[in-house]
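Let's take a walk through this one together.

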Amino acid sequence: FFFFCAGVEIMSEGAEQERRIVNIVVKPCDGVDPEALYKKITETVTSEPEYKLKWDVCKIEDGKIYTSFTIALEADFDEEVMEAIECMEDEVASQAITFQSAME
């Protein structure tokens, strides 16, 4: 089990944007390359621009993708990210949130 760390982002106006960190695990469908799937996820799951979704480190272990992302605290990360991944049903067998927390 592992955790990823990320800092608070400074917005152009000088105010800090409160962020949330979320760790997830994604299991690809049989025959789907996990590295290619991770690349597709990070390129297609982008959220609304004001939420500034940022993908962090990725670790592939036993065919599963372990990764984390940060997103604005006010964003509904389940709708912005998790549902978008769920729609990749031809490539994603399952997904789960392993940790999430507001960053202070």
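D62 sits in the loop between β4 and β5. This is a predicted model, so everything here is read from computed coordinates. Is D62 buried or exposed? With a relative accessible area of 74%, D62 is exposed, because anything over 50% counts that way. Along the sequence, D62 and P34 are 28 residues apart, and in space their C-alpha atoms are 9.9 Å apart.

P34 takes us to helix α1, which covers residues 34-44. Which residues of α1 are buried? They are P34, L37, Y38 and I41. These residues cover an arc of only 100° around the axis, so they lie on the same side of α1. There's a simple bit of helix geometry to keep in mind here: an α-helix has 3.6 residues a turn, so residues three or four places apart point the same way. The buried residues of α1 pack against quite a list of partners: β3 (19-28), β4 (54-61), β5 (64-72), α2 and β6.

On its other side, E35 and E43 are exposed. For E43, the relative accessible area is 52%, which is over the 50% cut-off, and therefore E43 counts as exposed. E43 also has a partner: its side chain meets that of K39 in a salt bridge, at 3.7 Å from N to O. Both residues belong to α1 and are 4 residues apart, about one turn of the helix.

How many salt bridges does the structure hold? There are 3. Another one joins the side chains of E91 and K40, with 2.5 Å from N to O. This pair links distant parts of the chain: K40 is in helix α1, while E91 is in the loop between α2 (77-86) and β6 (92-103), 51 residues apart. Both ends are partly exposed, E91 at 23% relative accessibility and K40 at 32%. E61 and K59 form a salt bridge too, and their closest N and O atoms are 3.1 Å apart. Here again the two residues are partly exposed, with a relative accessible area of 35% for E61 and 36% for K59.

A search of the whole structure finds 3 aromatic pairs. One of them is made by Y38 and W55, an edge-to-face pair with 6.5 Å from centre to centre and 85° between the planes. It links distant parts of the chain, since Y38 is in helix α1 and W55 in strand β4, 17 residues apart. Why do both count as buried? Buried means under 20% relative accessible area, and Y38 comes in at 15%, W55 at 18%. Y38 and W55 also belong to one aromatic cluster together with F69 and F77.

Finally, step back and take in the whole chain. It has 2 helices and 6 strands, and read along the sequence they follow the pattern β-β-β-α-β-β-α-β. Of its 104 residues, 38% count as buried. Among contacts between residues at least 6 apart in sequence, 67% join residues at least 24 apart. As for the surface, the protein chain exposes about 6200 Å², and carbon and sulfur atoms supply 47% of that.

Notes
Residues numbered from 1 in each chain as written. Predicted model: local features only at pLDDT ≥ 70, side-chain atom pairs only at ≥ 80, totals over all residues. Heavy atoms only, no water. Salt bridge = Lys/Arg side-chain N within 4 Å of Asp/Glu carboxyl O. Buried < 20%, exposed > 50% of the residue type's maximum accessible area, 1.4 Å probe, protein only. Arc of directions from axis to C-beta. Contact = heavy atoms within 4.5 Å. Areas by Shrake-Rupley, 256 points an atom, 1.4 Å probe, with all protein chains shown as cover. Phe/Tyr/Trp six-rings, centres within 6.5 Å; stacked < 30°, edge-to-face > 60°.
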